[in-house]
Amino acid sequence: MRKLYLLFIVLSLSFISCDPLTDCIIPTRPELPSSIFNTAVAGQYYEHSLRAQVNNDPRDDSYFYYFTVTGLPRGMDYEQEGRRLFIFGNPSERGDYRIRVFLTVEPIFFTDDDGGILEDGDTLCEDSTSRDYTLSVR
């Protein structure tokens, strides 16, 4: 009976510990939404926003989000506010632009009452992703 009890404890601990194999059974990873950018007009202000998430985790706000954007037309820039990315500006040249958004997330760490660091559940299968979008400037 004691061996069965010890086997139960070992198996239980193996399922609650962080393991890449078990963390990816239900994949928890950052996700960028599919989005269609409206057509911009050269020389006129344009803005578009995206809201990232961590799929399969109801605590999306328990992560730091880091965005990098490439391929923006001249005259445009980006900023982030938490999970939200804003692409804005006055595009100066006409054309079709492939905008690539890179996203990396990192779990927020909290300090417990004893002064130690307590991680708030890093069960990510992957911590980064990217997605391409198209912006037409007329």
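**Surface, sheet and strand features of the chain**

The chain exposes about 9200 Å², of which carbon and sulfur atoms supply 53%. The model is a predicted one. Of the 138 residues in the chain, buried residues make up 28%. The secondary structure comprises 2 helices and 10 strands, and from the N terminus on the elements run α-α-β-β-β-β-β-β-β-β-β-β. Among contacts between residues at least 6 apart in sequence, 69% join residues at least 24 apart.

An open sheet of 3 strands shows the order β2-β6-β5, with antiparallel pairing. Strands β2 (46-51) and β5 (76-81) stand at the edges of this sheet, and each has a single partner strand, so one side of each is left without a neighbour in the sheet. On average, neighbouring strands of the sheet are turned by 20° against each other, direction ignored. Strands of a sheet pair through backbone hydrogen bonds, in either a parallel or an antiparallel sense. Here, β5 pairs with strand β6 (residues 84-89) in the antiparallel sense over 6 bridges. Within this part of the chain, E81 stands opposite R84 in β6.

Residue S136 is part of strand β10, which spans residues 128-137. S136 counts as buried because its relative accessibility is 18%, below the cut-off of 20%. When residues up to four places away in sequence are not counted, S136 touches N38, T39, A40, G95 and D96. With D96, the contact includes a polar one: the side chain of S136 and the side chain of D96 make a polar contact at 2.7 Å.

How values were computed: Residues numbered from 1 in each chain as written. Predicted model: local features only at pLDDT ≥ 70, side-chain atom pairs only at ≥ 80, totals over all residues. Heavy atoms only, no water. Helix = DSSP H or I, 4+ residues; strand = E, 2+ residues; numbered from the N terminus. Buried < 20%, exposed > 50% of the residue type's maximum accessible area, 1.4 Å probe, protein only. Polar contact = N/O pair within 3.5 Å; in protein donor to acceptor, adjacent residues only side chain to side chain. Contact = heavy atoms within 4.5 Å. Pairing = 2+ DSSP bridges. Axes fitted to C-alpha atoms, helices over the stretch in contact; angles between N-to-C directions. Areas by Shrake-Rupley, 256 points an atom, 1.4 Å probe, with all protein chains shown as cover.
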